[in-house]
Amino acid sequence: MGAQKSIHAGKAKIDVNVDFTHKLCAASMLPSLRSTGSPFSLIIGSLGIKHPNLFGGSEKLDVSWDKGLYDSNVIIAYRRPRPEWLSQKCFVIQHSVSPEIGVHGTPIDNFSRSGSGGVNLSRISFGLNRSEPATSDWSSTTSIKFEHVRIVNDDGRSITRDIDGFPLTRSGNPHDNMVVLKQESQYAKANDHSFYRFRMQIEQGIPILSKWLIFNKFKFIATKGVKLGPAFLLAR
């Protein structure tokens with residue numbers, strides 16, 4: 001049971017998608033998971049708002065909100081127009097809440113009945129994405145953002161320790177902060193019979209303050225596709 005609707009308000013476009021099906025099915029199969037909260041908790045869906053000319057200078061505003069059973073994600077992106085031969089910049093604000101299965105139990109007074117035992121990861125970030133002008137085969141994106149992370153229960157209250165009393169954050173505070181620098185490059189080539197793509201991603205946590213998180217991540221993905229009749233065979 002759901003509904004989809006697109007609304008045009010001036011130059012802005014609003015897309016709404018609401019679905020009650022999954023929540024109602026879960027409640028009927030697992031009566032113990034029925035929520036006694038507001039009817040808002042039954043809603044699963046998404047909301048999207050796009051404005052192509054926010055201040056009259058072709059500035060683009062994109063707002064998206066996705067809500068699941070126990071997770072949600074809000075993204076606000078603002079772009080100013082620039083010539084195609086220059087790098088494109090985008091300012092992004094994001095807030096997400098998702099179940100955290102890496103925490104093994106919580107104190108009894110923080111227990112609730114979500115899929116992760118009441119342990120959720122809440123992230124708030126804001127930063128700048130910069131995309132270099134794409135060539136015929138290469139594309140490159142660099143981003144830097146500040147991120148505020150904390151562990152919360154289903155009521156939104158902070159959880160600082162697990163069931164054994166160990167702290168859940170590196171700093172020992174109810175939250176951890178970090179500045180994340182990310183570089184991603186991609187090379188792709190395709191023809192009528194096959195394609196291949198190489199993607200490299202480097203991510204680094206910059207410890208501006210002593211208690212901020214520091215880390216390094218490296219990811220490399222190679223993908224090749226071969227056309228077999230009307231279908232493609234993919235390999236990674």
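The following legends describe close-up views of a predicted model.

Local features are given where pLDDT is at least 70 and side-chain atom pairs where pLDDT is 80 or more, whereas totals for chains, interfaces and linings use all residues. Residues are numbered from 1 along each chain as its sequence is written, and side-chain values use heavy atoms, with hydrogens and water left out.

**Figure 1. Overview of the protein chain, with one helix and twelve strands.** Helices (H or I, at least four residues) and strands (E, at least two) are DSSP runs, numbered from the N terminus. Along the sequence, the elements follow the pattern β-β-α-β-β-β-β-β-β-β-β-β-β. Of the 236 residues, 24% count as buried; buried means under 20% relative accessible area, exposed over 50%, and partly exposed in between (1.4 Å probe, protein chains only). The accessible surface comes to about 15,400 Å², and 60% of this surface belongs to carbon and sulfur atoms. Areas were computed by the Shrake-Rupley method with a 1.4 Å probe, and for residues only the protein chains shown count as cover. Among contacts with a separation of 6 or more, 48% join residues 24 or more positions apart, a contact being heavy atoms within 4.5 Å.

**Figure 2. The second largest pocket, holding about 320 Å³ of space.** Its lining has 19 residues, of which L121, R123, E147, V149 and M178 are the closest to the centre. A pocket is an open set of points on a 1 Å grid over the protein atoms alone, where a 1.4 Å probe fits, with protein on both sides within 12 Å along at least five of seven lines; lining residues have an atom within 4 Å of a point. Grid points are joined across faces, edges and corners, and the volume is the space filled by probe spheres set on the points. Strands β6 (88-99), β7 (120-131), β8 (138-152), β9 (175-190) and β11 (215-228) each supply at least two lining residues, and β8 gives the most, with five. The lining comprises eight nonpolar, four polar and seven charged residues. Here Ala, Val, Leu, Ile, Met, Phe, Trp, Tyr, Cys and Pro count as nonpolar, Asp, Glu, Lys and Arg as charged, and the others, Gly among them, as polar.

Figure 3. L213 lies in the loop between β10 (194-206) and β11.

**Figure 4. K145 in strand β8.** K145 has a relative accessible area of 30% and is therefore partly exposed. Beyond residues up to four places away in sequence, K145 touches S125, F126, G127, M178, V179 and V180. K145 and M178, 33 residues apart in sequence, have a C-alpha to C-alpha distance of 8.4 Å.

**Figure 5. S58 in the loop between β3 (44-51) and β4 (60-67).** Although not a glycine, S58 has a positive phi of about 65°. S58 counts as partly exposed because its relative accessibility is 38%.
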